[in-house]
Amino acid sequence: SQVSFEEESQNPPAVGHWKPLMPSQGDKEEAESGCQDAGGVHEPQSTEQLNVSRLRSSSVEIREKGSEFLRDELHKAQKELKLKDKECERLSKVREQLEQELEELTASLFEEAHKMVREANTKKAAAEKQLREARGKIDMLQAEVTALKTLVITSTPSSPNRELHPQLQSPSKAGFRKGHGRNKSTSSAVVSAAGQNAAPEPVSRECREVDSILFAEFQAWKESPTLDKSCSFLERIYREDVGPCLDFTKQELSELVRVAVEQNTLTIEPVASHTVPVGQVAAEECGGPKKCALSGLPRTCKHRIMLGDSGSYYYISPSCRARITAVCNFFTYIRYIQQGLVRQDVELMYWEVMRLRREMSLAKLGFYPTEM
């Protein structure tokens, strides 16, 4: 290569015989005229140069066309690539949206399942509670029906029940009737205690006259018996008898007693002879064997009450016990009527209600039998 380079440097190319790669039409004409002027001396050399220039021009054209084709293919590939990128981006967004929706759906399904489980557990607990309450009510109603058959239904003016009306018993038998029955009437004992020194008059000589207003109110209530105090019949009894009878010195405890009596959750029991265990000693507001919790007065308390299932006992005096018992007897009887257990004439039921109202009136005035 060095030798060829030296030869080329020693023989410089002839000036005036170089042809461009792509000669124009004018150049071709000049070349032809030059050749003709030269008289054909340089004709072979110019033909060879022309062939080289043509080859060079054709290679350039091919190169340019190839580069143009490649550029077109590159542009097409870039466009396709951009379209694929957009499609991939769209598909990725769709996938993310689907994944998010799936997560939300899964979370909502789990939440709904937990909610259904909680509701099922709540309903199950409520149903079990209602079942227990229903069984307790059934047992209570069965006991009340048994007592009602022997104490209420069997008592008529022509053949009175002597257990229900102790004033009809002989004094010797009446003296042995002790203790407390929640569903038994005590007004007869009040009458017998009030008239110990006087000979009791026969019941047939008692003069009675139906009050038209009270009887109309009772008849209206009897058509649709209810324990709602808004009706005229019960509203009058609440105002005239129940309210004053359960109005004690301790107002807060009196209200609790009234609610327990209305809900039939009050329990009265005699005070046990044994002492109260340590840790279960009644508080000061609960009274004691020598102090009434309702009146707050120092009295000998032979009974105590419990409100619902609270477990707290309140000692009460005989007078307070007579007042509470009178109200309990009234509510027990109207519950019997509401449940359809009393199969008597309307007038007989009315007079039984009036007798129970008389019990409450005597009790709120302080009259009670000595056995209390």
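Predicted model: local features only at pLDDT ≥ 70, side-chain atom pairs only at ≥ 80, totals over all residues.
Student: Are F218 and F233 buried or exposed?
Tutor: Residues are numbered from 1 along each chain as its sequence is written, and side-chain values use heavy atoms, with hydrogens and water left out. Relative accessible area under 20% counts as buried, over 50% as exposed, and in between as partly exposed (1.4 Å probe, protein chains only). By that scale F218 and F233 are both buried.

Student: How many aromatic pairs does a search of the whole structure find?
Tutor: Rings of Phe, Tyr and Trp (its six-membered ring) pair if their centres lie within 6.5 Å. Searched over the whole structure, the number of aromatic pairs is eight.

Student: What kind of pair do the rings of F218 and F233 make?
Tutor: Planes under 30 degrees apart count as stacked, over 60 as edge-to-face and the rest as tilted. The F218 and F233 centres are 5.4 Å apart and the planes meet at 65°, so the pair is edge-to-face.

Student: How far apart in sequence are the parts this pair ties together?
Tutor: Helices are DSSP runs (H or I, at least four residues), numbered from the N terminus. F218 is in helix α6 and F233 in helix α7, so the pair links parts separated in sequence by 15 residues.

Student: What is the angle between the planes of W221 and F233?
Tutor: Both residues are buried. Their aromatic pair is tilted, with 5.1 Å centre to centre and a plane angle of 35°.

Student: How are α6 and α7 oriented to each other?
Tutor: Axes are lines fitted to C-alpha atoms, for helices over the stretch in contact, and angles run from 0 to 180 degrees between N-to-C directions. Helix α6 (residues 212-223) and α7 have axes that come within 8 Å and cross at roughly 125°. Angles under 35 degrees count as roughly parallel, over 145 as roughly antiparallel, 65 to 115 as roughly perpendicular and the rest as oblique. The two helices are therefore oblique.

Student: Which residues of α7 make the contact with α6?
Tutor: Contact means heavy atoms within 4.5 Å. From α6 come I213, L214, E217, F218 and W221. Facing them in α7 are S232, F233, L234 and R236.

Student: Where in the protein chain is confidence highest?
Tutor: The chain averages a pLDDT of 76, and 68% of the residues score at least 70. Confidence is lowest in helix α5 (residues 187-194), at a mean of 36. It is highest, at 94, in helix α7 (residues 232-245).

Terms used. pLDDT = per-residue confidence, 0-100.
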